[in-house]
Amino acid sequence: MHPIIQKTVGGLSAACYGRHFFFGCMVFGFILYVSTKSGPVNPAAWLLFVLNTFLYPYARFAYESVVGFIFGKNVFVVNAVLFMAVKFVSVITCWMAAILIAPLGLAYLYFYHSKRLR
C-alpha cells in the first residue's frame, strides 16, 4: 500500500473506523428512509450521501480530536438527555459536513503517523 494512503485512510484502527462507520450507516439509513417517503432523490445527492457515509469516521475523528484538545481530560457531569441531544446533533453535523471535515482528519492522521514513524 502506498505510504500516503497507509498513513491517512489506513490511519484509523479497524475498531475505530468500524464503530464510526456503523453510526454513519445509521444516519444514511435514516436519510434513506426519509428521502424515499418524500419522492425521488437526485443521483448526485445519493453520491454525496454515500461519500459522506464513508468519510464520516475521519470527520468524527477530526471532531473528537478538536474537542479533546479543547476540553482535555476533564469530566463533565450533565443531564443524560442533554448529553444525548448534543451527541445526536454532533453526529448529524459531522455526517452532513463529512466531505468538508474529513480532509482535516486525514491530514491530521498523515502528519501524526509521519511524525511517529521518524
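## Second largest pocket

In this predicted model, the second largest pocket has a volume of about 320 Å³. Its lining comprises 15 residues, and Phe23, Val27, Lys87, Phe88 and Val91 are the closest to its centre. Helix 2 (14–38), helix 3 and helix 4 each give two or more residues to this lining. By class, the lining has 10 nonpolar, 1 polar and 4 charged residues.

A pocket is an open set of points on a 1 Å grid over the protein atoms alone, where a 1.4 Å probe fits and protein lies on both sides within 12 Å along at least five of seven lines; lining residues have an atom within 4 Å of a point. Volume is the space filled by probe spheres set on the points, which are joined across faces, edges and corners. Ala, Val, Leu, Ile, Met, Phe, Trp, Tyr, Cys and Pro count as nonpolar, Asp, Glu, Lys and Arg as charged, and the others, Gly among them, as polar.

## Largest pocket

The largest pocket has a volume of about 500 Å³. Tyr63, Val67, Phe71, Phe83 and Val86 are the closest to its centre among the 16 lining residues. Helix 3 (43–71) gives the most to this lining, with 6 residues. Helices are DSSP runs (H or I, at least four residues), numbered from the N terminus.

## Confidence

The mean pLDDT (the predictor's confidence in each residue, from 0 to 100) is 88 for the protein. Helix 1 (residues 3–7) has the lowest confidence, at a mean of 65, and helix 4 (residues 80–96) the highest, at 95.

Local features need pLDDT of at least 70, side-chain atom pairs count only at pLDDT 80 or more, and totals for chains, interfaces and linings use all residues. Residues are numbered from 1 along each chain as its sequence is written, and side-chain values use heavy atoms, with hydrogens and water left out.
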